[in-house]
Amino acid sequence: MANGFGSLYVGAAALRTSQTALDITANNLVNIDTDGYVREQVMFTDDTYSFFQGAAISDQMKGTGVKIADVIHTRDMFLDKAFRSENSRYSFYAASYDAVLEVENFLQEANGEAFSEAVSDLYGAFQEFAKDPSDSVNQNLVVQKASLFLTREQNLYQGLSNYQSTINTKIKDDVKRINELGKQIHELNLKIERIEAGKTETAMDLRDQRDWAVDELSKLVNVRCTETVEGVYHIKVEEKDFVDDFNMYPMALDLDTVTGFVTPYWPHLSATGNDDIYPVYDLSNISAAHNTDKGEVKALLLARGDKRGTWYDMDGLSQRDYENGLANSVMMNSEAEIDTLAHSIITSINDAISPLTELTEQVTGVDEKGNTVELEKGTRIADTVNCAVGSDGQIPPRELFIRRGCERYTVVNLDHEYTLSDGTKTNKIYLYNEEDKNDSTMCYTTRSLEINQDLVENRTLLAHLTQNDAIDYNLGKKLVDIWEDSKYTLNPSDKTPCSYTGFYTKYIGELANVGSIYRTTSQSLQNTSDTIDNNRQAVIGVSSDEELTNMIKYQQAYNAASRYINVLSEMIEHLLSALG
């Protein structure tokens with residue numbers, strides 16, 4: 001043990017270490033609710049020893065008390081990595097489930113105002129029409145319910161499109177936040193490296209801020225974080241450099257001027273002068289097996305898709321192409337399936353009211369604009385022989401649903417007579433204007449449809465009579481049979497034929513199944529993430545009970561050191577007084 005005045009150094013060392021321990025404990029308690037704060041723990045060790053020759057045979061040592069060996073900034077790198085991985089995966093499935101939930105809300109199934117009612121009401125209108133096509137009440141009911149069906153379908157489609165735009169805005173905000181976090185981490189890297197360069201101080205608060213930023217970043221993107229010996233974090237996003245020793249590489253957004261959709265890309269890897277961008281995300285291979293189902297932004301891009309879905313996006317797709325493409329986007333697939341239902345219903349109704357047939361030979365003629373046209377055998381034209389007519393007797397009759405971009409038929413005056421199916425000859429045919437997938441205005445698609453205004457203004461113009469002025473009950477039967485015919489398929493993955501009612505039921509069922517998978521997966525991942533975070537908090541979190549216990553312990557140590565010094569002070573004073 002130290003002798004004389006050396007004993008005072010021992011007491012002073014005890015006071016200093018106890019005071020430091022109290023300060024650190026108080027700091028922990030103050031920051032108990034601070035996001036990202038990691039508790040600090042004090043480690044004590046012996047201070048220096050000196051040797052002296054005593055009466056004993058061997059050298060003797062005397063100590064100078066206690067000192068702070070280290071203030072531990074406790075983190076578990078394995079728990080951090082596990083938490084960030086599961087947090088990223090949870091965010092992916094949570095964002096995907098939110099998109100499905102939004103579609104379900106648009107369908108208003110829970111409120112009893114389902115889109116299915118509009119489908120059923122239109123079917124009911126045609127059932128009444130079939131009983132007596134000449135009844136103006138039934139004619140009015142058909143036009144009214146057709147208008148309601150189209151309005152509800154367009155409102156639903158517009159709602160889905162609006163949510164796509166909302167997702168697009170969310171992507172913009174997330175990318176902005178990603179860049180802010182990257183800049184923050186880079187700046188903290190520089191500060192931490194500067195402070196810790198002397199190997200005498202640890203930038204604990206700055207490290208806490210940096211780890212908190214990385215945790216938030218893991219929610220948005222698939223992130224991989226490594227630390228260099230200098231204490232610098234290297235961050236990779238989607239396996240590409242995002243933050244390193246010297247730079248932070250921000251994302252940029254490429255704007256599609258047609259859809260308004262944005263796509264994140266890496267400017268430093270792109271040749272923007274040649275319009276050659278390097279996208280951040282590869283959406284073609286996302287799966288848990290490849291560890292690529294991570295990050296909110298990726299889920300949002302996948303859910304949004306790259307355009308508004310239509311029936312012709314699905315038409316002609318193979319099952320494999322469908323499952324690897326359109327099926328992965330909740331919004332595009334929902335839009336395409338709803339548009340497919342509407343397209344199928346509308347074209348079937350129009351084809352029943354204003355039927356088509358095919359040319360039995362090649363013909364030439366001049367159209368309404370004076371253009372010469374050559375029509376091949378098999379070209380579709382109006383079936384003027386077998387069509388019904390409205391009260392004005394117009395042939396061909398008016399269609400119920402029209403395309404805003406074009407008429408149903410183009411009149412062609414032929415160079416020679418053409419023989420119709422009943423043997424009569426004509427010099428004029430009505431060329432059906434086929435749908436053009438490259439021009440939405442030429443298609444019976446949601447965004448380009450409206451009810452024929454001629455029929456809205458005068459319901460009796462709706463086809464209901466034979467060309468002999470008899471009531472056309474056969475037309476009524478055809479319109480009812482459309483709903484009862486099981487020849488429609490939901491998508492390339494579901495080849496089981498169904499009726500229109502079955503189509504909508506399948507659509508809702510498919511959506512519910514996808515939502516159930518996303519919900520179950522996200523809940524499971526949330527539980528896993530929470531469990532890992534609880535284990536992590538057991539390491540880095542501040543416990544008020546533990547810190548208060550330490551506070552009492554260090555306070556007692558401080559008091560003991562104080563009493564020790566007081567006793568030494570009195571002893572030395574007594575010795576000096578006695579010797580004097």
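The lining of the largest pocket is made up of twelve charged, six polar and five nonpolar residues. The pocket belongs to a predicted model, and its space comes to about 650 Å³. Among the 23 lining residues, M77, K81, R84, C225 and T226 lie closest to the pocket centre.

**Where the pocket lining comes from**
- Two or more lining residues are given by each of the elements α2 (77-107), α5, β5 (223-227) and β6 (233-237).
- The largest share, seven residues, is supplied by α2.
- Empty space of this kind is found by rolling a probe the size of a water molecule over the atoms.

**Residue S218**
- S218 is part of helix α5, which covers residues 204-220.
- Is S218 buried or exposed? S218 has a relative accessible area of 0%, so S218 counts as buried, the cut-off being under 20%.
- The side chain of S218 makes a polar contact of 3.3 Å with the side chain of N87.
- Beyond its neighbours within four places in sequence, S218 is in contact with R84, N87, S88 and V223.
- One of these contacts, R84, is also listed among the residues closest to the centre of the largest pocket.

**Confidence in the model**
- The protein has a mean pLDDT of 87, with 94% of its residues at 70 or more.
- Strand β9 (residues 262-265) has the highest confidence, at 96, and strand β2 (residues 49-52) has the lowest, at a mean of 66.

Key. Residues numbered from 1 in each chain as written. Predicted model: local features only at pLDDT ≥ 70, side-chain atom pairs only at ≥ 80, totals over all residues. Heavy atoms only, no water. Helix = DSSP H or I, 4+ residues; strand = E, 2+ residues; numbered from the N terminus. Buried < 20%, exposed > 50% of the residue type's maximum accessible area, 1.4 Å probe, protein only. Polar contact = N/O pair within 3.5 Å; in protein donor to acceptor, adjacent residues only side chain to side chain. Contact = heavy atoms within 4.5 Å. 1 Å grid on protein atoms, 1.4 Å probe; cavity = no way out; pocket = protein on both sides within 12 Å on 5 of 7 lines; lining within 4 Å. Points joined across faces, edges and corners; volume = space filled by probe spheres on them. Nonpolar A, V, L, I, M, F, W, Y, C, P; charged D, E, K, R; others polar. pLDDT = per-residue confidence, 0-100.
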